[in-house]
Amino acid sequence: MTAREVVELIRKNQGIPWNDRSTRDTFMLGNPDTAVKGIATTMMTTFSMLKRANQAGLNMVITHEDTFWNDRDDTSDLAENPLYKLKTEYALKNGMVVWRDHDHMHAMTPDYTVVGELRSVGVQGGEHATMRPGIWTIPETTLGELAARVKRSSCARALRCVGDPKAEVSRILVGPGYATPRVTPEVDVVIGGEQQEADGAFDNVEYVMDAVSLGMAKGVIMLGHVISEQAGMEDFGNWLRTFLPGIPIRFVPAEEPYWWEAPYSSRRAFMGSSREARRAGRRLPSAAAADSAAAAAASCPGSRAAMPKSRDAAVCASAKDAASPSTRPARISTTASFSTSPTIWLRLAPRAIRMPISLRRRIVL
Amino acid sequence: MPRAHMSRRRFALMAGTAGVAPRGLTAEEPLTAEAIVRRIQAELGGDWPPAGPDCFKAGDPSAVVKGIATTAMATLDVLRQAVKANTNLILTYEPTFYSRADGRTPAAPTPGRGPGGPAADDPVFKAKREFIEKNGLVVFRLRDHWQARKENDMVTGLAAALGWSAHRVTPDDALYEIPPATAEATVASIRARLNLRAGLRTVGDRHAAIRRVLLFPGSMTPPTMWQRYSEVDMIVAGEVREWENSHYAADLFTAGEKRAFVTIGRVVSEEPGMRVCADWLETVVKQVPAKWIAVGDPYWSPAA
């Protein structure tokens, strides 16, 4: 089967009128008439991801986000760019084809990016979620506790929060990627990927800062764009299998681009000795090391930094799993859902018990 | 907002009266917010279209000014500090009312999404408006004209805050040659200097030797990055879009390039420039004090 025929089947099964004017959902690289040996689904065609897909023998990449570092995948300014040449030549030399499914994925029911995001932040019952999944009510917790749980279950290294960590929250609204929803009176916490910080269509950061000044319980948790839409590409791959039974299909994660870094926080209460924390911070392998781990980055979104000896890695997913991805990747969320009580949640997450939950435990500001 | 005021100002500029001391800046007349803004406009020059971002956002422009506060973003906390500091004219670089529309069109938004800022009856929006009214504050946005100033204080201010003023390569560019250090050490120093928390994020090679740095306060587009990343060891920008610029930096890292790309946060990157603005105002409007009020890094991260 050719890549073009794969795309035809996707169009047919996606069940929505196809918008041929989409600048995103087209072939980005390679010859559409290439015979497909295997399909890699991914959140974004990073160079690292492209290499890992190739090393795993997957010559068709189906990507949610861009290949050429701009939303429209416009390459008109890039003809002389050395990185553009390197990346395209790598793909073409290895007979790879890249096709993007962005707009139509978000228009689908379910929107797998949202399904995956809800799961990776620990919310149960989002299997049929659409682009606008509505407000979830979870047992009341603090913003700080919620953020800590979300950070553990999503494995987002560069997670960012705004709001009072002590605020009591229960109504949460989730949105994928740049479609981080607006914080409104009806919502306590918005969880999204990323968002323009100010001067945008709406400015959540300033809104939450002012709500905090007024003593209102509001917060924003930003996972990062890659992390927020990563998990759903695993679901998308599972969906592809339902009508492409003969083709190997694997989820090959894009790497979370940001450093793992802890120097500004006192990790001591959480991570053992500060000496250990300092060493863990330096142990991030280089890109070359991550690449050589084949389809690395684990089944945990964004954990390119395999740190097998650190407790982060123990919580997030083992590098061993990552090196040989199964055709049916493991689910990302192993923590209990928010619909269970906090007590049960603590019991199900052994590491949480080891953490001091006394007064020493606090959100680092 | 009062477009009539804008038109009068523009008329005054066009009529050639901009160069003379505007009304209100002589000892006999009260010093109103409007008079100070006219003075600033005359000093900075350029066209001030009523539809542009730089205009009055809240309060009465005819209010008499006790003191001026400059800030990167007029949060409620900043406004409270401004009141405490006995200032009542606030010059803010970013919006006050939670969107690009900045309170001008408080139309009911679609729930959860959509442009136009918060609904008119939104409790946060209302409380902020009431605070401004009750305390007699006047808020003016000063963005386009301040960043267009040829001295480019948004850049030099950030460089000064980083302790790099002496390392500028050429007077007309944002390039700095700093004492060599690893990316990791340079990032640690940036974090400490600007007192940053989770707002600082880095992509690239932590062991790269950093010497040549491009400063880019505010929001950086992909073409700027494509053009300039390869000529420096590090870019320090305010914010970017992760699937665009951060993706590019990650790919260059995979390609083996020894560079690092740092985003410190949009507002944080704009703070030092507005600090310079307060110093500049003291030379332009000598009758009242001007004071910079910090916003700080809005982001934190749980230690889990």
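How many residues of domain 1 of chain A are in contact with residues of domain 2 of chain A? Nine residues of domain 1 touch eight of domain 2, where contact means C-beta atoms, placed from the backbone, within 7 Å. This is a predicted model: local features need pLDDT of at least 70, side-chain atom pairs count only at pLDDT 80 or more, and totals for chains, interfaces and linings use all residues. Residues are numbered from 1 along each chain as its sequence is written, while chains are lettered from A and ligands numbered from 1 in the order in which they are written.

Domain 1 of chain A covers 3–105 + 230–251, and domain 2 covers 112–223; the bounds come from an automatic or database domain assignment. Their centres, taken over C-alpha atoms, are 29 Å apart. On the domain 1 side, helix H9 (residues 232–241) of chain A gives the most, five residues. Helices (H or I, at least four residues) and strands (E, at least two) are DSSP runs, numbered from the N terminus.

Next, the chain contact. Chain A gives 66 residues and chain B 57. H7(A) supplies the largest share of the chain A side, seven residues.

Now the sheet in chain B. Five strands form an open sheet in the order S5-S7-S8-S9-S6, with mixed pairing; strands pair if DSSP finds at least two bridges between them. Strands S5 (175–182) and S6 (201–204) of chain B stand at the edges with a single partner strand each, so one side of each lacks a neighbour in the sheet. S8 (residues 234–239) and S9 (residues 260–263) of chain B run parallel, joined by four bridges. Val236(B) stands opposite Val262(B) in S9(B).

How values were computed
Contact = placed C-beta atoms within 7 Å.
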